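Let's take a walk through this structure, one chain at a time. Have the viewer open so that you can follow along.

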Amino acid sequence: MSGAPARALDAPQTEGTDGRSVTGLWQTVLNGRAYFLGFCSLFLVWHVVATYVVASVLFPPPLAVLVRAIELLQDGTLATNIGASLQRIVIGFIAGSVLGIPIGLVIGSFPLARKFLEPWTESLRFIPSVAMITIAVIWFGIGEPSKVFLIIYTTIFIVILNTAAGVGAISPNKIRAAQALGASSRQIFFLVAFPATVPYILTGMRIAMANSFTTIVAAELVAANSGLGVMLWQGRMYMQIGDIFVALVSLCILGFVADRLFRFGVARFAGRYDVAQ
Amino acid sequence: MTLISLTGVGKSFRSREGRPWIAVADFNLTLAEGEFYCLLGPSGCGKSTVLSLLAGFTLPSTGRMELSGKSITGASRDRGVVFQGDDSLYPWLTALENVEFGLRLRGMSRRERRERAMRQLEMVGLSGQEGKHPAELSGGMKQRVQIARALANEPRILLMDEPFGALDAQTRGVMQVELRRIWERMKVTVVFITHDIDEAIVLGTRVGVMTAGPGGTLKSNLPIDIPGERTRGDPRYIALYEQIHGLVRHEVERAHVRSAA
């Protein structure tokens, strides 16, 4: 056991974790290409089915939809409707998260608060936000407030539940370590409990974002002046099949982009978190 | 000089059915400053409970615990803790930020705490790894971060709860040598919980053997007066190993009989 210090200095290298390998990079490129091809196949199948199998004006091929989309873009209808839907989602989603996170933290941190608030969350969360549309319209009218209310309703419970679960999942040793380092309960909350919960909060928000799209379309179908839901409804009324398809494809793209942005954000801000925990 | 004294310390819990469970009973121990005390015992004897009491995470049901004559009433930064698992590290912070954590809590300036944390990381052999997050570090390196984090806070005593228990044998051997070297340099008092007799003899200046649980207590204390590096071929090592092995085996057998009855 002589010469121990020298061996010790070498130790970190021998214990080191594997770096990203060349094959890993190649794999990423391949995956990216497969992903792109997957999208292409989606449009190809659509085109083949619409043109040769169904061959009906009720199922336009992608190119016809693209042409209609360009028209709707040029006269400003598409942008107006997408903008209206997105604005409602963003406002409601942010408000729901801002309200839900502290409530979730409180429920997760204090058993008494959990006992008191759980009847609220555990009963209200089973009413689908879609079921709340009629009463929301009666209460808040067909303008913006009813939509924002519905998105808040959709968002808040998922965020609360995930946040509370995240607080509950903090390993006691994280708290104990902070105590032994001299942390006050305030410091433990802000420097340990909250950051440890962030991955759970972000997961809840991501699910809530997806649900917000469902809710907003349903709400706009029932009562609104603008939005993708309105586009779908009017398309039905005036048999504008092209408009319906433009709205559907817009939802695909918006949902996809929103989810990707969120994932990118999560990876950027929370990638260093051990999400596997 | 006496640093820590435990007099008649006992700890009992209540089981889910409400029956009392005695984890530790009538535990008496005096620790001098600068000691490397290894607490050894069969699993379930309550040795981790003793550490938890020393750290102040739980309070004793009976008896008195004092640090430099002052009663221990909770966790405090004069007692640093190194846990067995890596779940005590903060995965959202880098190795450096983890080590700085205690210094940040008391509002030390950024520059000063960075400097201190870097020195600490260097001592545990992690120079160049300071920007990595725990998820990017191996098990041994994570334990090094834990040790650095505890020592950066300059505790009067370092409490270690089977810190190398989850490491592979190779890494564990390296870490034992490292810890011994750190202890020699820092002159910090250490309480080290283990169930590994070899580890206790290689590391400690004194080994305490506990009786089998429930209601484990200190059975005997043996000084390890082998100066310098300990080699496993040393006749003193072999004699101590035999002696401690006898004590522990007796307790394991007793625990066996008790649980079979």
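Domain bounds here come from an automatic or database domain assignment. Please keep in mind throughout that this is a predicted model.

**Chain A: the overall picture**

For chain A, that assignment gives domain 1, covering 24-52, and domain 2, covering 61-270. Taken over C-alpha atoms, the centres of domain 1 of chain A and domain 2 of chain A are separated by 29 Å.

Which secondary structure elements does chain A contain? Chain A has eleven helices and zero strands. Reading from the N terminus on, its elements run α-α-α-α-α-α-α-α-α-α-α. Of the 277 residues in chain A, 33% count as buried. Sequence separation gives another view of this chain: among contacts between residues at least 6 apart in sequence, 72% join residues at least 24 apart.

**Helix pairs, side by side**

| Helix pair | Angle between axes | Axes apart |
|---|---|---|
| Helix 8 and helix 9 of chain A | about 150 degrees | 10 Å |
| Helix 7 and helix 9 of chain A | about 155 degrees | 7 Å |
| Helix 2 and helix 3 of chain B | about 125 degrees | 9 Å |

Start with helix 8 (residues 172-180) of chain A and helix 9 (residues 185-222) of chain A, which pack at an angle of about 150 degrees. That angle makes helix 8 of chain A roughly antiparallel to helix 9 of chain A, and their crossing is right-handed. On the helix 8 side of chain A, the contact is made by Lys174(A), Ile175(A) and Ala178(A). Helix 9 of chain A contributes Gln187(A), Ile188(A), Val192(A) and Ala196(A). By class, the residues of this contact between helix 8 of chain A and helix 9 of chain A divide into five nonpolar, one polar and one charged.

Helix 9 of chain A also packs with helix 7 (residues 144-168) of chain A, at an angle of about 155 degrees. Helix 7 of chain A is therefore roughly antiparallel to helix 9 of chain A. The crossing of helix 7 of chain A and helix 9 of chain A is right-handed. The contact of helix 7 of chain A with helix 9 of chain A has 15 nonpolar, eleven polar and one charged residues.

**Chain B: two domains**

Now move to chain B. Its domain assignment gives domain 1, written as 2-78 + 159-260, and domain 2, covering 88-154. The centres of domain 1 of chain B and domain 2 of chain B, taken over C-alpha atoms, are separated by 26 Å. Their contact takes twelve residues from domain 1 of chain B and ten residues from domain 2 of chain B. The side of domain 1 of chain B that touches domain 2 of chain B has nine nonpolar, one polar and two charged residues.

By class, the contact of helix 2 of chain B with helix 3 of chain B has seven nonpolar, one polar and five charged residues.

Is Val24(B) buried or exposed? Val24(B) is buried, because 29 other C-beta atoms lie within 10 Å. You will find Val24(B) in strand 2 (residues 20-32) of chain B. Not counting residues up to four places away in sequence, Val24(B) touches residues including Val9(B), Gly46(B), Val50(B) and Thr217(B). Val24(B) and Phe13(B) are eleven residues apart in sequence, and their C-alpha atoms are 9.8 Å apart.

Arg64(B) sits in strand 4 (residues 62-67) of chain B. Arg64(B) is exposed, with 12 other C-beta atoms within 10 Å. Leaving aside neighbours within four places in sequence, Arg64(B) is in contact with Thr7(B), Gly8(B) and Ser71(B). Arg64(B) and Gly8(B) are 56 residues apart along the chain, and 6.6 Å separates their C-alpha atoms.

Note on methods
Residues are numbered from 1 along each chain as its sequence is written. Chains are lettered from A and ligands numbered from 1 in the order in which they are written. This is a predicted model: local features need pLDDT of at least 70, side-chain atom pairs count only at pLDDT 80 or more; totals for chains, interfaces and linings use all residues. Axes are lines fitted to C-alpha atoms, for helices over the stretch in contact, and angles run from 0 to 180 degrees between N-to-C directions. Helices (H or I, at least four residues) and strands (E, at least two) are DSSP runs, numbered from the N terminus. Angles under 35 degrees count as roughly parallel, over 145 as roughly antiparallel, 65 to 115 as roughly perpendicular and the rest as oblique. A crossing is left-handed if the near helix is turned anticlockwise from the far one by less than a right angle, and right-handed if clockwise. Two residues are in contact if their C-beta atoms, placed from the backbone, lie within 7 Å. Ala, Val, Leu, Ile, Met, Phe, Trp, Tyr, Cys and Pro count as nonpolar, Asp, Glu, Lys and Arg as charged, and the others, Gly among them, as polar. A residue is buried if 20 or more other C-beta atoms lie within 10 Å of its own, exposed if 12 or fewer, and partly exposed in between; C-beta atoms are placed from the backbone.
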